[in-house]
Amino acid sequence: MNNNTLENSFSTSYEELNFIEKAWTDYFNLFEKEAIATAIIAFVLHEIVYFGRCVPFIIADYIPSFAKYKLQPAKVNMAKEQWICLKSVLTSHFLMELPLIFGFHPIATFFGMDITTVPFPHWQTICYQVALFFVMEDTFHYWFHRLLHYGPFYKYIHKQHHEYSAPFGLAAEYAHPLEVLILGTGTIGGPLLWVSITHNLHLITVFIWISLRLFQAIDAHSGYDFPWSLRHFLPFWAGAEHHDYHHMAFVNCFSTSFRWWDYLMGTDLKYKAYRQKRQTQADELKAAAANGSTSASSDIKKTN
Ligand SMILES: [Zn+2]
Ligand SMILES: [Zn+2]
């Protein structure tokens with residue numbers, strides 16, 4: 001039992017810690033090796049958040065009144081397709097991501113990341129660091145994703161992720177192992193770069209960042225744009241409406257979380273033209289329906 005975790009890593013007494021901090025300390029004290037404890041909790045967290053976030057979207061597929069929020073309503077992903085995707089994602093998690101997760105602790109501690117330290121950092125510190133990681137990952141992803149659309153990179157690596165032209169939540173991490181490695185670097189590279197420069201980062205912040213990044217990735221692949229989706233409140237947030245177009249058209253919209261890189265580089269022009277066309281069609285249909293009801297009601301008046 002590693003009681004050093006408790007004795008050496010903080011000056012606050014155990015009783016003064018909040019519930020999560022106590023659980024954190026108790027958890028790490030269960031293990032002889034901190035690296036094993038870190039890998040297990042990281043992997044379990046990843047599985048719970050990834051599959052847990054997919055569940056509401058799977059349920060939504062069975063609720064008819066939600067069909068109107070589907071971005072590509074004509075394309076239905078059958079249970080069989082989702083099952084094949086699930087098996088592939090699980091295989092990748094165990095064979096690809098799990099070994100990488102085991103490699104995380106030695107690198108993180110080498111750069112000075114706080115692992116067992118309690119109390120946790122101030123919530124404002126966590127917030128600005130997570131916001132920074134979002135910006136860093138989005139930038140990394142934009143450029144490497146664009147590169148993955150280039151000739152052989154697309155053919156041999158990225159094509160697998162594009163098998164689903166109408167994506168669904170589970171497909172977020174459906175990708176070639178090399179793509180998992182390349183784009184995963186964008187997710188974990190930001191925190192590692194940050195801690196290597198500042199030596200100011202706690203593992204809990206990394207876990208919060210990864211959980212939110214998973215939420216973002218699954219939302220972006222969900223195939224749903226709800227009136228309460230984040231992009232309606234944050235105009236620069238990409239959301240499913242943005243990434244779904246990328247899967248449908250195979251062009252434009254290369255970023256993950258934000259819209260600014262595609263805007264700056266002009267890689268959203270086709271997307272914008274498409275959305276404009278769809279809006280015009282919807283407006284015309286509305287106008288035609290309104291005219292139809294007006295002429296129908298004037299016909300009734302005439303008859304009266
Ligand atoms: Zn792509
Ligand atoms: Zn995608």
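This is a predicted model: local features need pLDDT of at least 70, side-chain atom pairs count only at pLDDT 80 or more; totals for chains, interfaces and linings use all residues.

Visitor: What secondary structure does the protein have?
Guide: There are 11 helices and zero strands. Read along the sequence, the pattern is α-α-α-α-α-α-α-α-α-α-α. The C-alpha atoms fill a box of roughly 90 × 50 × 40 Å along the principal axes.

Visitor: What makes glutamate 163 partly exposed?
Guide: Buried needs 20 or more neighbours, and exposed needs 12 or fewer. Glutamate 163 has 15 inside 10 Å, so it falls in between and counts as partly exposed. Glutamate 163 sits in the loop between α6 and α7.

Visitor: How many of the residues in the protein count as buried?
Guide: Of the 304 residues, 29% do.

Visitor: How do you know that the buried residues of α2 line one face of the helix?
Guide: The buried residues in α2, residues 19-29, are Trp24, Thr25 and Phe28. Seen down the helix axis, they fall within an arc of 95°, so they line one face. Phe19, Ala23 and Asp26 are exposed on the other side of α2.

Visitor: How do you know that the span of helix α5 agrees with its number of residues?
Guide: Helix α5 covers residues 123-148, which is 26 residues.

Visitor: Which residues of α5 are buried, and what covers them?
Guide: Among them are Phe133, Glu137, Asp138, His141 and His145. The cover includes α6 (151-156), α7 (177-198), α8 (203-221) and α10 (260-265).

Visitor: What does UniProt list for residues 130-267?
Guide: An unreviewed UniProt entry lists this span as "domain: Fatty acid hydroxylase". Such annotations may be inferred rather than shown by experiment. In the model the span is 60% helix and 0% strand. Its end C-alpha atoms lie 26 Å apart.

Visitor: What makes a group of residues a nonpolar core here?
Guide: The members must be buried nonpolar residues, joined through C-beta atoms within 7 Å. The largest such core has 31 residues. Leu170 and Ala171 have the most contacts inside this core. The elements giving two or more residues are α3 (34-60), α4 (79-110), α7 and α8. The largest share, eight residues, comes from α8.

Visitor: Which residues does leucine 170 touch?
Guide: Leaving out residues up to four places away in sequence, leucine 170 touches Cys54, Gln82, Cys85, Leu86 and Val89.

Visitor: Which residues belong to the second core?
Guide: That separate core has six residues, including Tyr142, Tyr245, Cys253 and Tyr271.

Visitor: What share of the contacts links residues 24 or more positions apart?
Guide: Among contacts with a separation of 6 or more, the share is 67%.

Notes: Residues are numbered from 1 along each chain as its sequence is written. Chains are lettered from A and ligands numbered from 1 in the order in which they are written. Helices (H or I, at least four residues) and strands (E, at least two) are DSSP runs, numbered from the N terminus. The expected span of a helix is 1.5 Å times one less than its number of residues. Two residues are in contact if their C-beta atoms, placed from the backbone, lie within 7 Å. The arc is that of the directions from the helix axis to the C-beta atoms.
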